Amino acid sequence: MDNIAGSKSSLSWVVNISVVALVLLWLFPTVGLFVSSFRTADQIAGSGWWASVSTQERQNPAIRIAGEEFERDGLYVIEGQLFEVEADVSAWGTSSRAPEAFGPGDTAELSKDRTVTVQADGSYVFTATETQEGKRLPRVFTTAETAPEFTLENYDRVLFGASGESNMGKAFFNTLTVTIPATIIPILVAAFAAYALAWMDFKGRALLIAMIVGLLVVPLQLALIPLLQLHNNIGIGKGYLGVWLAHTGFGLPLAIYLLRNYMVGLPKDIIENARVDGATDFQIFVKIILPLSFPALASFAIFQFLWVWNDLLVALVFLIDSTGETTVMTRQIVELLGSRGGNWEILATAAFISISVPLVVFFAMQKYLVRGLLAGSVK
Amino acid sequence: MDAALLGLVTIVVGVGGCVGYFYFSNLILDKFIFPASGPNAGRNINRANLVRPWLFVLPAVLALGLYLAYPVVATFWLSVTDRSQDDAFVGFANYSKMFEDAKFWEALRNNMMWLIVVPAASTAFGLLAAQLTDRIRWGSIAKSLIFMPMAISFVGAAVIWKLVYDARPEGTEQIGVLNALYIWFGGSDPQQWLTIPFWNNFFLMIVLVWIQTGFAMVILSAALRGIPEETVEAAIIDGANPFQIFFKIKVPQIMPTIVVVWTTITIVVLKVFDIVFAMTNGQWETQVLANYMYDKMFRGLDWGVGSASAMIIMLLVTPILVWNVYNARQEMK
C-alpha cells in the first residue's frame, strides 16, 4: 500500500495513535496481573496497580513497637524504625479509634507513664518509667506516603510455600507431566496418517479426509462421559494415562488436517524420484517427508502444547481424582478463585506462573504458530 | 517423581511403539505376507501397496473412532436412556425433562447471545486491527501484542479480567480498573459487575473477544495482503476515499476468509466452558450450555440430561460441520 501514490495521507498519525490505543487496551489487563503479582497484599488493597509506581498516601495496618530496651536518663527506652522502605508519615495514632490523632514529631502520652514519639521519617522513640520486659508494647497506626515497593515474596510463597496453601509448585510439575507426552505422541501418529492421506492413493481416502474435517469441530463435551466409562471399564480410571490418551485423541483431527495440507504441497518430483530409486514408503516418509514437514510439525506441536497446558475440562474429567494429588495449575487457580477470591497477591502470582510458560513459547515460536493458523483456516 | 517417570516411560513407549509399529508392520507386509520375490512378485507388490495405506492410517483411524466418533453415538444413546432405571430406553424423556428446566433455557438464551456477539465483535476488532497494523512500520510488534492473549488460558484470562472487574466497598480505593473509571466519571457506588443479571453476560463475553481478536487479526491480515493491488489502485484513481476502499473494495474480496474466521470463532464459543466456570460458574443468570452440561453430568450426576444438553451443542455445531465437509470435498475435486 505504501508505494501507491496518494495513499500516504495525513491520516497516518491517526492510524499510529489508534494502533497505540488498541495495543494498550489489549495489554492493560495482562500487565495489571503481572504488576500485581509483585506487590504485597497491603499495597494491592491500598491502590490500583496502575498507581503502583507512584508514592501513595494510605493508612497502614498497625505496627507493634519492638526492639532492644535500654536505659537513658532513668527511663527505659526503645528506639527504632517503623518502615523498611522510605516513608513520609503525615499522621499517626496509638489506637484504632483515633489513628490520625498526632502529627509527625508529636509525643503521645500513654497510660502508666509511657510515651511514644514518631517522626515524619517513621523513626520512633518509646519511653517508660519501668521495664517493659515481657509486657505487650503499644501499637502505632500511621498514615504515610510510602515509596513503591516490589517483592518476589509472592512467588516464593505460591511456589514453595507450605503445602496446602496453594500447591502451585506441585501443580506446575503435574501440568508439565500431562503436557509433554500429550504433545509428542499425537504428532507421530498423525504424521503417518497424513502422509498416507496426502501421497498414497487408496479407496476411501476422500471419505477419510472428509471424516477428519468433520471431526475437527465435534465438541469434546460429547466425549466426556462415554470415554470416562470406557476408561473405568478397561481399568485405566482417572489418571495420567487416561488424560494422555484423551488429549491424543482430541488433538488428532487438527494434527492430521494441518500435516496433510502441508505435505500435499511438498514437491512431487522429490517423492517420485525417490520411488524410482527404489525407496519404500517407510523410507520416503522418514527420510524425506518428516524433515521437510518440520514447519508444520512445529505449528501443530505449539497448538497442542498451548491447548493441553491451558486445558481445564479434560483434566477435570480424566485426570483429577478425589485425592487431588494429580491436580493441574488451571484447576488450582479455579480453586484459589473460590477460596481466596480476595487475596489478589496469591491469585495474580498463581495465574501468572501458569501463563508465563505459554507466553514464552508464544513469543519464541510465533512464526510457526501464525503459519499453522493460516494453514488451518484459510482455504 | 513417580509421575515424571511414568511420563518418560509413556513417551518412550508411545514414540517407540509408534515407530516400531510402522516399521515392523511394513516389514512383515513386504517380507512375509506379500514378498516381492518368487513367482508372484509383481502381483504381490501391487497387493502390498493396496494394504500399505491402511497400515499408515490405522492407528489414527482407531484413535479417532474411539475418542471422537464413538462418543457421539454413545452420548446420543446415553441421552435416550436412564441410568437409574438400569439404562432402560426412555425415548425423549431426558430431553423433555431438560426443556422443563429454566436453567436450560437461560443457558440456551445466553449461548445465542454469545454466538452473535463474540464472533461479530472479534471479527470486527480483528479486521480493524489487521487493517491498521498493516499500514504502520511497527505493525508486526503491535500485531504480536494483540495476538498474545491467544496463548493465555481461559482460566488465566478469567483471573486477569476478575481483577479488572474487582469491586471494593464504597469509600475505599478501587483496585479494579472498571470501577476506578466508573467512580472517576462520577459513579457513586462501586458495581459488582459480574452479578448484574443480563449485562454480566457481556462482561464475560469481553474476555473471549479479547482472546479471539488476535486470531481474527492474523488470518484477516494475511487475507488483506493477498488482495491484488490493481483493484485498490483502480479505486484510488477513480477517486475512492480510504473508507470506500476498505468497505467496498477490500472487504468484499476477503469475504470467504471472514466467513472462515466467523465460523471458527463460533465453534470456540459453542464449547466455551472455562471462562464461565471460573468467573461465575453460571450464577447470576450467566449459565451457558457447556457449563450446564458439566453441571448436570458431574455435579448433578444426571447423565441423561447432561448427554441431552451435549447433543444440543452437537446439533448447533452440525451446520458448520456439514458446511466444512462440503467445502473440503469441493476443494479436493
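Helices, as the word is used here, are DSSP runs of H or I with at least four residues, numbered from the N terminus. The exercises below concern a predicted model.

**Exercise 1. Describe how domain 1 of chain B and domain 2 of chain B meet, beginning with their bounds and ending with the residue classes on the side of domain 1.**

Step 1. Domain 1 of chain B covers residues 2-79, and domain 2 of chain B covers residues 96-332; their centres, taken over C-alpha atoms, are separated by 39 Å.

Step 2. Five residues of domain 1 of chain B touch six residues of domain 2 of chain B, and the two domains bury about 460 Å² between them, with 84% of it on carbon and sulfur atoms.

Step 3. On the side of domain 1 of chain B, the residues that lose the most area to domain 2 of chain B are B:Thr75, B:Leu78 and B:Ser79, which together account for 72% of what that side buries.

Step 4. The touching side of domain 1 of chain B consists of three nonpolar residues, two polar residues and no charged ones.

**Exercise 2. Characterise the interface of chain B and chain A by its area, its polar contacts and the make-up of the side of chain B.**

Step 1. The contact involves 106 residues of chain B and 110 residues of chain A, and the area buried between the chains is about 9,800 Å², of which 82% comes from carbon and sulfur atoms.

Step 2. B:Phe56, B:Tyr67 and B:Leu68 supply 8% of the area that chain B buries against chain A, more than any other three residues.

Step 3. Across this interface of chain B and chain A there are zero salt bridges, whereas seven residue pairs are in polar contact, both residues being at pLDDT 80 or more.

Step 4. Helix 2 of chain B (residues 41-79) gives the largest share of the side that touches chain A, namely 20 residues. By class, that side of chain B holds 79 nonpolar, 14 polar and 13 charged residues.

How values were computed:
Residues numbered from 1 in each chain as written. Chains lettered and ligands numbered in written order. Predicted model: local features only at pLDDT ≥ 70, side-chain atom pairs only at ≥ 80, totals over all residues. Heavy atoms only, no water. Domains from an automatic or database assignment. Contact = heavy atoms within 4.5 Å. Buried area = accessible area lost by both parts, 1.4 Å probe. Nonpolar A, V, L, I, M, F, W, Y, C, P; charged D, E, K, R; others polar. Salt bridge = Lys/Arg side-chain N within 4 Å of Asp/Glu carboxyl O. Polar contact = N/O pair within 3.5 Å; in protein donor to acceptor, adjacent residues only side chain to side chain. Helix = DSSP H or I, 4+ residues; strand = E, 2+ residues; numbered from the N terminus.
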